[in-house]
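Here are my notes for you to read with the model open beside them. Work through the points in order and find each residue as you go.

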Amino acid sequence: MKLVCSQSDLSTNLSIVSRAVPSRPTHPVLANILLQADAQTNLVSLTAFDLSLGIRTTFNAEVIQSGAIALPARLLVDITSRLPEGEITLEDESASSAEAPGGEGIIVTLTPKSGRYQLRAMGAEEYPELPIIENIEAIHLTTAALIEGLRGCLFATSSDETKQVLTGVHLTLKQDALEFAATDGHRLAVVETLNESPVASSENQLEVTVPNRAMRELERMLAHSSSEEETVALYFDQGQIVFQWQNQRLTSRILEGQYPAYRLLIPRQFERQLTLDRKQLVSTLERIAVLADQKNNIVKISMDGDAGEITLSVESQDVGSAIESMPAQISGEDIDIAFNVKYLMEGLKALPSQEIQMQLNGNLTPVIFTPLSGLKMTYLAMPVQLRS
């Protein structure tokens, strides 16, 4: 195998796929990145796979001789990222103990415009194949719809591996929309984005939970996409889901287990409703949260309908206290309610509009935050009990 490519192309694509290389591989070959070069198409593809998450990217290069090889991921990324811009020649050869660093095997030589680097490599035949989903019709979604959905809910997934199904994003495909949901048991984020190509048949109905790690990588990869109108093809079958677009592909296992019936958690009627300026609320919370201690991390919100304002306050015995007021349109009786300030801020930052609506019943029942324009999103936060 022999190819010539630019340092920037190789480094950029390596940084994308290397995120799927496991930190503690269960098999030595998984610490590698699979490089495949095709002289007919002049395309080079890079693949990383930890048996759960797989990422493949493809880029153009001058491929002099076709071939495939598994290269040590960490070393390759570290070396390539530090090389100067310009062309790199990459070729492999079987090595005898006389010329190979460390004995017989496969040696790959990287030749930038100055210098030469040699790495020990493994045969491509040892590398596991990425899952392939055949004879399944693709569902097509725009990059913009996927990014909106992921940004609006990923923060609400759980990090508790004992509740594994909650560590994922739940996707539900409807006739003309894709719904994203995430909950960690304390809060819930639901986003509905339009599906550009409506589903024609019930056979394409999708309801799966995908690990948050895979969804974070998908969001990161799509954020660097050339166009938000670009279409992403989605395939799912037998415990696997595949997202494919341009020259990139992400595969992930699907989480097993019944996802909570989250729609039942959202109240249908409310006794109190507030309209608030989201940015002002977030900046006020950020200021007073400095004085919230790590033990309770609680902010109290007091409604004053006559004055047309809410008062936010935090109190910490060991640190101090803070109080600020801001205007609000309020309907319903006044009430004091408290939240974990971190949960409240993360949800508010994900809401896309300037003005938001806050709807609630009592001081210990679910509270709903929704944007008044733009994306169709619901953020549910559970209040905490105030100590008297």
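1. A word on terms before we start. Buried means under 20% relative accessible area, exposed means over 50%, and partly exposed is what lies in between (1.4 Å probe, protein chains only). Accessible areas are worked out by the Shrake-Rupley method with a 1.4 Å probe, and for residues only the protein chains shown count as cover. Helices (H or I, at least four residues) and strands (E, at least two) are DSSP runs, numbered from the N terminus.

2. Where the values come from. This is a predicted model, so to speak of a local feature we need pLDDT of at least 70, side-chain atom pairs count only at pLDDT 80 or more, and totals for chains, interfaces and linings use all residues. Residues are numbered from 1 along each chain as its sequence is written, and side-chain values use heavy atoms, with hydrogens and water left out.

3. The overall picture. The protein has 6 helices and 26 strands. Its C-alpha atoms fill a box of roughly 85 × 55 × 35 Å along the principal axes. Of the 388 residues, 52% are buried. The accessible surface comes to about 19000 Å², and carbon and sulfur atoms own 45% of that.

4. Contacts along the chain. Contact here means heavy atoms within 4.5 Å. Take the contacts with a separation of 6 or more: 65% of them are between residues 24 or more positions apart.

5. Charges. Lys and Arg count as positive and Asp and Glu as negative, while His and the chain ends are not counted. Each charge is placed at NZ of Lys, CZ of Arg, CG of Asp or CD of Glu. On that basis there are 30 positive and 49 negative side chains, with the centres of the two sets 5 Å apart.

6. Side chains of opposite charge can pair when their charged atoms come close. We call it a salt bridge when a side-chain nitrogen of Lys or Arg is within 4 Å of a carboxyl oxygen of Asp or Glu, and the structure holds 15 of them. Which residue does Glu192 meet at 3.2 Å, N to O? That partner is Lys174. Glu192 lies in strand β13 (residues 187-194) and Lys174 in the loop between β11 (168-173) and β12 (177-183), so the bridge ties together parts 18 residues apart in sequence. Lys174 is partly exposed, at 30% relative accessible area.

7. A second partner. Glu192 also forms a salt bridge with Lys376, where the closest N and O atoms are 3.6 Å apart. Because Lys376 sits in strand β26 (residues 376-381) and Glu192 in β13, this pair links parts 184 residues apart in sequence. Lys376 is exposed, with 56% relative accessibility.

8. A pair within a helix. Lys342 and Glu346 meet in a salt bridge at 3.6 Å, N to O. They are 4 residues apart in helix α6 (residues 341-350), which means about one helical turn between them. Lys342 is partly exposed at 40%, and Glu346 is partly exposed at 27%. Elsewhere, salt bridges with shared partners join Lys174, Glu179, Glu192, Arg263 and Lys376 into one network.

9. Beyond its neighbours within four places in sequence, Ile147 is in contact with Leu222 and Ala223. Its C-alpha atom is also 5.9 Å from that of Glu219, 72 residues away along the chain.

10. Two backbone angles to check. Most residues other than glycine have a negative phi. Asn42, which is not a glycine, has a positive phi of about 55°; Asn42 is in the loop between β2 (32-38) and β3 (43-49). Leu51 has a positive phi too, near 75°, and lies in the loop between β3 and β4 (53-60). Asn42 is partly exposed at 32% relative accessibility, and Leu51 is partly exposed at 48%.
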